[in-house]
Amino acid sequence: MSNVPVAVVTGSNKGIGFAIVRALCKQFPGDVYLTARDPGRGQKAVAKLQEEGLCALFHQLDIDDLQSIRALRDFLKEKYGGLNVLVNNAGIAFKVRDTTPFAVQAEVTLKTNFFGTRNVCTELLPLVKPYGRVVNVSSMVSSSALGGCSQELQQKFRSDTITEDELVELMTKFVEDTKKSVHEKEGWPNTAYGVSKIGVTVLSRIQARMLNEKRKGDHILLNACCPGWVRTDMAGPQAPKSPDEGAETPVYLALLPSDADGPHGQFLSNKTVRTW
């Protein structure tokens, strides 16, 4: 199977992830994997696509569970000899009215949205084949949250030389600062989701730089994007975009033609590069 192209979308049994899988089933010339924590929900989603005449495959993936990530890694390595398209879409958000203590929200949100996504990248990026495409689904909230950071933090997050270790240190510090109730004093904005997505956008910039340094000749393109405000369980029914509309920019980046030399290491919304 190693010559069959393969695409993987994380957190894709519903919402934007499901819409991304649907679009890839129609446009990607290979196998498309829908993944979910819960195999029952995942299989149900695959069956729903089947009713639409679309063929997705299922593999279990919980991005909070390193063993689960490594099981997917080994499966892809063995069956396909790697990976062509990776869309890191899995993420969580507490509702605005949620009364869970902010420090708990911070820890839980960053565990999945930043640390989980980073673990997926650590295990799967080395498998990405030449001309592969990687899309990290971030959010416009990362931009507004960045604006809510102190000048010192903004400088660090905009730096072209920040390392992954330094980013991990900052994300860990945010969680620790919330536990001590000093996060605002330390220059952080009051949004755990926003900070987690700053992490995803900056991680993408770092990863793109690493690809340039280590795998320049492989023509891999990696970007972060904002799908927009989309009607999902996460964002609620008032949002202006449908999931299919929310999937447009991630799918555009996942299917960049093989002769494209960009965008790479950018943050996009509505298929447009935004200033970070």
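Modeller: Rings of Phe, Tyr and Trp (its six-membered ring) pair if their centres lie within 6.5 Å; planes under 30 degrees apart count as stacked, over 60 as edge-to-face and the rest as tilted. Ring pairs link Phe 102, Phe 157, Phe 174 and Trp 188 into a cluster. This is a predicted model, where local features need pLDDT of at least 70, side-chain atom pairs count only at pLDDT 80 or more, and totals for chains, interfaces and linings use all residues. Residues are numbered from 1 along each chain as its sequence is written, and side-chain values use heavy atoms, with hydrogens and water left out.

Biologist: How many aromatic pairs does the structure hold?

Modeller: The count is 8 aromatic pairs.

Biologist: Why is the pair of Phe 157 and Trp 188 called tilted?

Modeller: The ring centres of Phe 157 and Trp 188 are 6.0 Å apart and the planes stand at 50°, so the pair is tilted. Phe 157 sits in helix H6 (residues 151-158), and Trp 188 in the loop between helix H7 (164-179) and helix H8 (192-214). The two are 31 residues apart, so the pair links distant parts of the chain. Helices here are DSSP runs (H or I, at least four residues), numbered from the N terminus.

Biologist: What makes the pair of Phe 267 and Trp 276 edge-to-face?

Modeller: Their planes meet at 70°, with centres 5.9 Å apart, so the pair is edge-to-face. Both Phe 267 and Trp 276 are buried, and so are Phe 157 and Trp 188. Buried means under 20% relative accessible area (1.4 Å probe, protein chains only).

Biologist: How do you know that Cys 121 is in no disulfide?

Modeller: A disulfide is a pair of cysteine sulfur atoms within 2.5 Å. A search of the whole structure finds 0 disulfides. For Cys 121, the nearest cysteine sulfur, that of Cys 225, is 13 Å away. Cys 226 is in no disulfide either; its nearest cysteine sulfur, that of Cys 225, is 7.3 Å away.

Biologist: Why does Cys 121 count as buried?

Modeller: Cys 121 has 2% relative accessibility, so it counts as buried. Cys 226 has 4% relative accessibility, so Cys 226 counts as buried.

Biologist: What makes up the lining of the second largest pocket, by residue class?

Modeller: The lining divides into 5 nonpolar, 2 polar and 4 charged residues. Ala, Val, Leu, Ile, Met, Phe, Trp, Tyr, Cys and Pro count as nonpolar, Asp, Glu, Lys and Arg as charged, and the others, Gly among them, as polar. The lining includes Cys 121, Glu 164 and Gln 207. H8 gives the largest share, 4 residues.

Key: Buried < 20%, exposed > 50% of the residue type's maximum accessible area, 1.4 Å probe, protein only. 1 Å grid on protein atoms, 1.4 Å probe; cavity = no way out; pocket = protein on both sides within 12 Å on 5 of 7 lines; lining within 4 Å.
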